[in-house]
Amino acid sequence: MSGRNLPPVYNKIAQHAVFPEMNHDERARYNFLANLNKHLAHVSQGNQVAYENRVAPKFKKEHGREIATTSELKEAISKDAHYQMWSSLRRSTMEMRQQAGRSIVLRQAEELRDKARALNAGKDSLILDDEVAVPPYLLACDNHIMPGSYHTELIEDDVTPAANYDTGLFVTTAGLLGRYSDGGGKAIVSWVKKTYPNFNPKRILDIGCGMGHNVLPIAKAFPDAEVIGIDTGAPMLRYAHARAMDLGVTNVKFMQMDAAKTAFEDESFDWVQSTMFFHETGGKSIYKIMDEVHRVLKPGGLTLHIEQPQYTDDMSLFEKFIRDWDALYNNEPYWSKMHVIEPMDLMEASGFKKEDFMQIGAKAENDLDDGSQKADEPEDHGRSPIWNVFGAIKN
Amino acid sequence: MKEKLDYIKLASNKPKGKRPYFHQDPAVERVLNITMAVAGELAVMRERMDSIERLLEKKGVVTREDIETFVPENKEQEEQRQTWHAEYIGRVLRIVQQEQEELENPDKDLEEIANDINEM
């Protein structure tokens, strides 16, 4: 064996009835791209070397002082040949991943739509509402450089945005989220069960559920609970629902709603969850959404949010800078703004109490980890499934 | 019959949000992107050849001579081969298409969008 930390082969990914048909070369293309992502995660360590050995000394020589801000750092490092090459390769890899995914799903757009329709027909657990507008923060750019983002429909009842997302998450994370890309949802379930063994939620809300990959482990862990996933993207919800039906999870409803203004009654949920959602919202919406979380949560109810870490004073300028790379160059722009917000301040602004605030670390539970994923894997900032979880019990 | 999506063109669309260029000369970025796409397709081909070679070895049904002398045997095979080339070129020349789409429909850059979004 090579001794390298290799990503799992693509054919390990879990299949379900709405998962796109993929041929030999399409799987091979994703194998190449997962390896390329992995390669660039290792090469990204070179950015720090280039910064410390070349960029910072040059700046000091020219200015007679150290680099003081991330914008000075950005200006200085953007002239560095290693950083330039790494950045253009990383951007190119993400574009290739989108091209590869879209070429898979768009050639079978109608077949995928028909499969979803068949699974969704006659079910009252998929509730779409075309009055729900796509929030302006999702229209400003295409998140994750996915052309058309989560909402664009190229055919009637399109599901391709979700199908593309489903095929590619495994590639971007090099399989670290597991066969069903549900490592985040599984991690939160384990933490909740361990921390609150007597917690027996009757009603659970997942906001910004997307294709439902993180809400299904929650629904499975609490089979007697009524679980609701909301999102503004109809293609995501159609796919999420069909996927859940095929995977035999029947206690989850998918509803088209804006998390900033849901139709739910006050104090009607025992648990409100979000997973990697807030950094894809906007600077005013984030507060409105947290207000809504507080409003719909029952007294004594739990809310948890899996997010990227906020930036702290002891985080190096370089780390802050490189963490912003995906925000600006893989189109998740609000992430570059959100990290200055203290999660506790965000929650307090909506009425949660300081003493009820909690913050924990979480790592994806990966059913593909056969021990070949080495512990010394370098941190791929923004991609590694190591997160900050913040939340509160509402009192 | 309903018109099918032009999936080859659509697959290479540019995303909304101005594309960042990291090299001083955008030509470097352009050529690098084309080169990496070609590198990817070479890897795909290598994996396919690996599958074929392993299967041939296992089953022992096709000789080297059969492969060397093969040409398309009917219209369907001819079209399949040519479609593959069209798809291949769309994939490899993605960046040229996206730059044209940007010219036709210019975008704001992401820092400006981040500021916009911060007010949303």
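**Entry 1**

I started with Asp157(A), which I found in the loop between helix 6 and helix 7 of chain A. I take helices as DSSP runs (H or I, at least four residues), numbered from the N terminus. The model is predicted: local features need pLDDT of at least 70, side-chain atom pairs count only at pLDDT 80 or more, and totals for chains, interfaces and linings use all residues. Residues are numbered from 1 along each chain as its sequence is written, while chains are lettered from A and ligands numbered from 1 in the order in which they are written.

Asp157(A) is not a glycine, yet its phi is positive, near 60 degrees. Most residues other than glycine have a negative phi. I looked up the surroundings: Asp157(A) counts as partly exposed because 17 C-beta neighbours lie inside 10 Å. The scale calls a residue buried if 20 or more other C-beta atoms lie within 10 Å of its own, exposed if 12 or fewer, and partly exposed in between, with C-beta atoms placed from the backbone.

I then turned to His144(A), in the loop between helix 6 (136-139) and helix 7 (160-172) of chain A. Its phi is also positive, near 55 degrees. Is His144(A) buried or exposed? His144(A) is buried, since 21 other C-beta atoms lie within 10 Å.

**Entry 2: domains of chain A**

I noted domain 1 (10-125 + 140-169) and domain 2 (176-393) in chain A; such bounds come from an automatic or database domain assignment. Their centres, taken over C-alpha atoms, are 20 Å apart. Domain 1 of chain A gives 43 residues to the contact and domain 2 of chain A gives 36 residues. Contact here means that two C-beta atoms, placed from the backbone, lie within 7 Å.

Which helix supplies the largest share of the domain 1 side? I found helix 7 of chain A there, with seven residues. The residues on this side of domain 1 of chain A divide into 20 nonpolar, 14 polar and nine charged. Nonpolar covers Ala, Val, Leu, Ile, Met, Phe, Trp, Tyr, Cys and Pro; charged covers Asp, Glu, Lys and Arg; the others, Gly among them, are polar.

**Entry 3: chain B against chain A**

I counted 36 residues from chain B and 42 residues from chain A in this contact. On the chain B side, helix 1 (7-11), helix 2 (26-59), helix 4 (75-92) and helix 6 (110-118) of chain B each supply at least two residues. Helix 2 of chain B has the largest share, 11 residues. I sorted the chain B side into 17 nonpolar, eight polar and 11 charged residues.
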